[in-house]
Structures are given as structure tokens and as C-alpha cells.
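Thanks for coming, everyone. Please look at the screen, and I'll walk you through it.

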Amino acid sequence: MKKIAKFERVSLAQFLEGYSGADAQTVYNAIKLPRRATSGSAGYDFYAPFDIELGAGETAKIPTGIRVKIDEGWLLSLYPRSGLGFKFRLQLDNTVGIIDSDYYSSDNEGHIFVKITNDSKEGKTVIIPAGTGFIQGIFTEFGITEDDEADGVRNGGFGSTT
């Protein structure tokens with residue numbers, strides 16, 4: 001398999017821009033880099049940086065504290081972990097998160113945020129303890145058209161290129 005990326009933590013200062021909870025230094029120090037669970041896993045589990053509890057219909061924006069340096073021509077797609085989606089209808093609010101290779105160099109250090117919703121129709125509350133996998137990322141190679149002339153420069157996250 002090709003090795004095309006490397007996960008890192010964002011700086012403490014950048015994490016604090018997205019996290020306003022108590023004991024920020026302890027939360028930051030405990031951030032785990034994404035990992036595959038088995039040698040056959042396609043997805044890298046992202047771990048909750050703090051306890052997350054969402055009642056039915058509730059939404060949360062989670063600063064993961066993670067950034068990823070990706071080779072050009074590759075992207076990282078983010079999905080809910082299948083067990084959480086199956087049991088609680090946990091969903092990413094944009095259905096699939098796309099992390100482009102140039103996001104790494106943005107002003108926000110390429111800090112990956114995830115906005116999730118518990119779309120339970122049975123009134124279930126989802127509880128995700130800190131350090132538990134809650135989303136997964138899969139790397140995918142992509143191509144461009146022969147007449148591609150994209151020359152824009154990214155500087156930010158959601159909606160920053162249009």
C-alpha cells in the first residue's frame with residue numbers, strides 16, 4: 001500500500017480557537033491520532049477528544065485537534081463510524097467530509113472539525129466517551145481533467161474556495 005499522508009495534532013493555540021470546554025490543556029494532551037483498527041481496515045478511526053452526549057435531534061461541532069498532510073492527488077473522506085450510524089443514525093451534517101491536500105496549509109492549520117447530528121427516530125441518546133472512535137477517514141486518489149486550469153489558493157475550511 002502507498003503511504004501518502006501523515007496525521008498530526010494542531011497547535012494548542014489553534015485547538016483553543018475551536019474548544020471552549022473546561023480543562024483544555026488536559027483535553028489537548030489526550031488527543032489521539034487517527035489509527036486503523038486492523039491491517040485490513042480502510043478507515044482511520046478519529047477519536048472523540050472529549051465526552052460527547054447528543055440527545056435525539058441534537059447537533060455538535062467537534063474540534064478534533066487533528067490535521068493531516070496529504071500528498072497531492074489524494075483526499076481524505078470522513079464518515080460516521082458504521083456502528084454509531086446504525087444504532088443511533090449518527091450523521092455528519094454535510095454527509096461526507098472532504099479534506100483536500102491543500103487544507104493542511106490553511107490559516108487554521110488544517111484543523112479538522114466535524115459537525116455531527118444524532119438523527120435517532122427512537123429518542124435514543126448517543127454517548128461517546130473521550131478517546132472512543134466516532135468517525136472514520138478513508139484516503140482516496142483522484143484525477144483531474146486534461147483542460148483543468150484551477151489556480152485558486154485555499155485559506156480556510158468550510159466554503160472557503162467559493
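Helices (H or I, at least four residues) and strands (E, at least two) are DSSP runs, numbered from the N terminus. This is a predicted model: local features need pLDDT of at least 70, side-chain atom pairs count only at pLDDT 80 or more, and totals for chains, interfaces and linings use all residues. Residues are numbered from 1 along each chain as its sequence is written, and side-chain values use heavy atoms, with hydrogens and water left out.

Start with glutamate 8. It lies in strand S1, residues 5–9. Is glutamate 8 buried, exposed or partly exposed? Its relative accessibility is 21%, so it counts as partly exposed. Buried means under 20% relative accessible area, exposed over 50%, partly exposed in between (1.4 Å probe, protein chains only). Leaving aside neighbours within four places in sequence, glutamate 8 has contacts that include Leu33, Gly65 and Tyr104. Contact means heavy atoms within 4.5 Å.

Now the rings. A search of the whole structure gives 7 aromatic pairs. Rings of Phe, Tyr and Trp (its six-membered ring) pair if their centres lie within 6.5 Å; planes under 30 degrees apart count as stacked, over 60 as edge-to-face and the rest as tilted. Take phenylalanine 7 and phenylalanine 139. Their ring centres are 5.8 Å apart and their planes at 50°, so this pair is tilted. Phenylalanine 7 is in strand S1 and phenylalanine 139 in strand S11 (residues 133–141), so the pair ties together parts 132 residues apart in sequence.
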